Amino acid sequence: MKRTDYGYAELTKEEIYNFRKALNLSQAKLSKKLGLSLRTWCHYEYGTQRMPVSVHMALQFLQNGGEEAERVYENVKEHKNPLTKYDIDRR
C-alpha cells in the first residue's frame, strides 16, 4: 500500500544529516536507537527514500532529550511473552 504524501516528512537530506549530527551519533547508533536498519537510515540520509512522519517525530523526541525511549525499547525486548493468555486463545 502506497502512503499518501502527508505520510512523509518534508525534510531534505541535509536536514536529516543535521539531525544526526546534532545528536552526535553515528548512522549505526542512531538507526539502532530508532529501531531501523542501517540501510534504511542511509536511504533517508542520502535522499533515496522519503522519511515517514513517524520517524521524524521519533528524531524530534530524541533531540528533545527523549532518552527514556531507550528504556522502553529495552523493556519490550526483555519481555518474553508479549501476548496474554487471552490473546493466545483468540488466535
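This is a predicted model: local features need pLDDT of at least 70, side-chain atom pairs count only at pLDDT 80 or more; totals for chains, interfaces and linings use all residues.
Which helices are included in what covers the buried residues of helix 3?

I found that the cover over its buried residues includes helix 1 (13–23), helix 2 and helix 4 (53–63).

**Entry on the buried side.** I noted that W41, C42, Y44 and E45 are the buried residues in helix 3. Looking down the axis of helix 3, I saw that these buried residues fall within an arc of 160°, so they line one face of the helix. I reminded myself that an α-helix has 3.6 residues a turn, so residues three or four places apart point the same way. On the face turned away from the buried side of helix 3, I found the exposed residues R39 and Y46.

**Entry on helix 2 against helix 3.**

**Entry on the contact itself.** From helix 2, I listed Q27, A28, L30, S31 and L34, which meet L38, W41, C42, E45 and Y46 of helix 3. Sorting the residues of this contact, I got seven nonpolar, two polar and one charged. I noticed that W41, C42 and E45, which take part in this contact, are also among the buried residues of helix 3.

**Entry on the end of helix 3.** Just after helix 3, I came to G47, which takes a positive phi of about 80°.

Conventions:
Residues are numbered from 1 along each chain as its sequence is written. Side-chain values use heavy atoms; hydrogens and water are left out. Contact means heavy atoms within 4.5 Å. Helices (H or I, at least four residues) and strands (E, at least two) are DSSP runs, numbered from the N terminus. Ala, Val, Leu, Ile, Met, Phe, Trp, Tyr, Cys and Pro count as nonpolar, Asp, Glu, Lys and Arg as charged, and the others, Gly among them, as polar. Buried means under 20% relative accessible area, exposed over 50%, partly exposed in between (1.4 Å probe, protein chains only). The arc is that of the directions from the helix axis to the C-beta atoms.
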